[in-house]
Amino acid sequence: MKDKVVIITGASSGIGKSCAFEFSKLGAKLVLVARTEKTLKDISIKINQNGGNSIISVTNVSIELECEKMIKETISKYGKIDILINNAGISMRSVFLNLNLSVFKKVMGVNFWGSVYCTKYALPFLLKSNGSIVGVSSIAGYKGLPGRTAYSASKFALQGFLESLRLENLKNKLHVLIICPG
């Protein structure tokens, strides 16, 4: 991982935050992506004070232009991308009958479209570096769960997208990994 450029979406908490510290220990150059600037700054400062190399990008992954800007900032700073970890995600709990469709759209926007947007703009650089795309999914991407219609749909969509992307790029040396923690 030494000097590999790793973008981590959803880096302000949970899996993303843990990945940031672990990849830093391995010598990666990090781009920490989330919506919360203060939290990202705190994480980046800790990483950099311990000898790591990280920058932040305050980005709402559900907004295409912000994802494109984040990728451009990464290239401007580091000149390449080796790994994109699509980790940003939100959950929901409500039976579909009572669910406001705006919640469904928001969950799809972050969990599915956020990964699509980041991947679209990072892909040319990942192909150039024989890089890797990681999608953080869920068991809910294999089996629909009650009270989690939007969440399950977003994870099913993410997995279908990444599986298709993997097949399209078998001969291009692009690595695509789907992980389902839990």
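Start by selecting leucine 145, which sits in the loop between β5 (132–136) and α5 (149–168); helices (H or I, at least four residues) and strands (E, at least two) are DSSP runs, numbered from the N terminus. You're looking at a predicted model, where local features need pLDDT of at least 70, side-chain atom pairs count only at pLDDT 80 or more, and totals for chains, interfaces and linings use all residues. Residues are numbered from 1 along each chain as its sequence is written, and side-chain values use heavy atoms, leaving out hydrogens and water.

Leucine 145 counts as partly exposed because its relative accessibility is 31% (buried is under 20% relative accessible area, exposed over 50%, partly exposed in between, with a 1.4 Å probe and protein chains only).

Next, pick asparagine 130, in the loop between α4 (101–128) and β5. Its phi is positive, about 50°, although asparagine 130 is not a glycine. With a relative accessible area of 38%, asparagine 130 is partly exposed too.

Now jump to aspartate 3, in the segment before β1 (5–9). Here's another non-glycine residue with a positive phi, near 65°. Aspartate 3 is partly exposed, at 36% relative accessibility.

Last stop: the largest pocket. Select Gly10, Asn87, Ala88, Gly89 and Ile90, which lie nearest its centre among 23 lining residues (a pocket is an open set of points on a 1 Å grid over the protein atoms alone, where a 1.4 Å probe fits, with protein on both sides within 12 Å along at least five of seven lines; lining residues have an atom within 4 Å of a point). Colour α1 (14–25), α4 and α5, the elements that give two or more residues to that lining. The largest share, 3 residues, comes from α1.
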